[in-house]
Amino acid sequence: MARSAVPSWVRILAVLALPACAPTVRAPAPATQAPQEPPPAAVAPAPPVVVEPLGPGMSADGRVQVALLLPLSGAQAELGQSMLNAAQLALFDVSGDRFELLPRDTRGTPQGAVAAVRDAIDSGADLILGPLFAAEVSAVKPAVQAANLRMLAFSSDWNLAGQGTWIMGLVPMEQVRRVAGYARSQGISRLGALLPRSLYGDAVARALQESAQQGGTSIVRIERYEPNAPDPSPAVRALAAAGPSAFDGVMLAEGGERLRLLAPMLPFYDIDPRRVRLLGTGQWDEPSTGREPLLVGGWYAAPEPAGRVDFEQRYQEFFGRRPHRLATLSYDATALAAVLARSAGPQPFTDVALTNPNGFAGADGIFRLLPSGLVERGLAVLEVQPDGPRVVDPAPDTFQA
């Protein structure tokens, strides 16, 4: 079977060549007529994944072995399988015959993750992709460090970054800086914020303050509320006490039901979304946001949708179902590992190779691994619309000035 055309976002942004050789772990052949939205009973089961140990010393013949730690059983098995499928799709696109993927089941628990990473290390893994949950990452980090390996974790807990661990999940800080910077360029410079009293809210508050320190933006007032409070209206009322003309933008660091609970309270306390631009984080990046009329016209930063649409179409072609939203993290990490395995010499996963300042391009746009353990991404600014987000400021296609 001939390969389907590799999309343009599957490329390295440094002087690294993308191969087109057959992968060690193949994605299955695409269905000739994949249904657009198949009912569960119509979806063929995914191919079984062999997770038994391969035995130590398997890389003696020059193969590069990369472990993929995912919850392939337990409550999150469906999510884990979607991410494994995405990794196989990445191999189909970019892997060479030196590359071998070692899937390992964490069962979605810290104890399972420790057992999985020990097995992967004993099997000769040169790099760890995953695990998914923060508690798992925290549990396996000592073993990964002791083996002097590097880990690209799928968690979004930025507190776990560093010491050989990179956090591939999207974090709020860069989203806030991106949307606040764009708002400033559009003349919106006096900001208020409603933030949960949580680590996430703390990170958003710090990012807003950092944005203000760059000049051109002032933070008029930040009000906090308990994240599970059934009625956050006291915080909204306190924010509105600054006066009807105190700010021209308001940051809401929520998503889903909580966001839709907060939005109608704003005009009730004279914060009129028709004259005050509402700003959000990546938590706004879901279809339900546009169903709240008061959020229409609001801005938030997230990966540009076009790349993800292409990825979802190809995933559907191969697997007959839609991928989970987090599947792109697995795709991008696996593609990065596969390219470095071919192009970065006998030790492909050094800190220097992983933190190439030119970065990489993936399904969620360009990204680069920073020495701090965080991942910088090229984000677009999107405007909420009833029929889906509209790009108002495209994502960059390079990290060069």
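Strand β15 (residues 380–383) and β16 pair in the antiparallel sense, over three bridges; strands pair if DSSP finds at least two bridges between them. This is a predicted model, in which local features need pLDDT of at least 70, side-chain atom pairs count only at pLDDT 80 or more, and totals for chains, interfaces and linings use all residues. Residues are numbered from 1 along each chain as its sequence is written, and side-chain values use heavy atoms, without hydrogens and water. Helices (H or I, at least four residues) and strands (E, at least two) are DSSP runs numbered from the N terminus.

**Sheet**
- Asp393 in β16 is the bridge partner of Val381.
- An open sheet of seven strands runs in the order β8-β7-β9-β10-β11-β15-β16, with mixed pairing.
- Its edge strands, β8 (218–225) and β16 (390–393), each pair on one side only.
- Helix α6 (residues 233–240) packs on the sheet and touches β7 (190–196), β8 and β9 (249–252); contact means heavy atoms within 4.5 Å.

**Aromatic pairs**
- Nine aromatic pairs are counted, where rings of Phe, Tyr and Trp (its six-membered ring) pair if their centres lie within 6.5 Å, and planes under 30 degrees apart count as stacked, over 60 as edge-to-face and the rest as tilted.
- Phe92 and Phe318 form an edge-to-face pair, 5.1 Å centre to centre with 65° between the planes.
- Phe92 lies in helix α1 (residues 77–94) and Phe318 in helix α9 (residues 305–319), 226 residues apart.
- Both Phe92 and Phe318 are buried, meaning under 20% relative accessible area, against over 50% for exposed and in between for partly exposed (1.4 Å probe, protein chains only).
- Ring pairs join Phe92, Phe311, Tyr315, Phe318, Phe319 and Tyr331 into a cluster.

How values were computed
Axes are lines fitted to C-alpha atoms, for helices over the stretch in contact, and angles run from 0 to 180 degrees between N-to-C directions.
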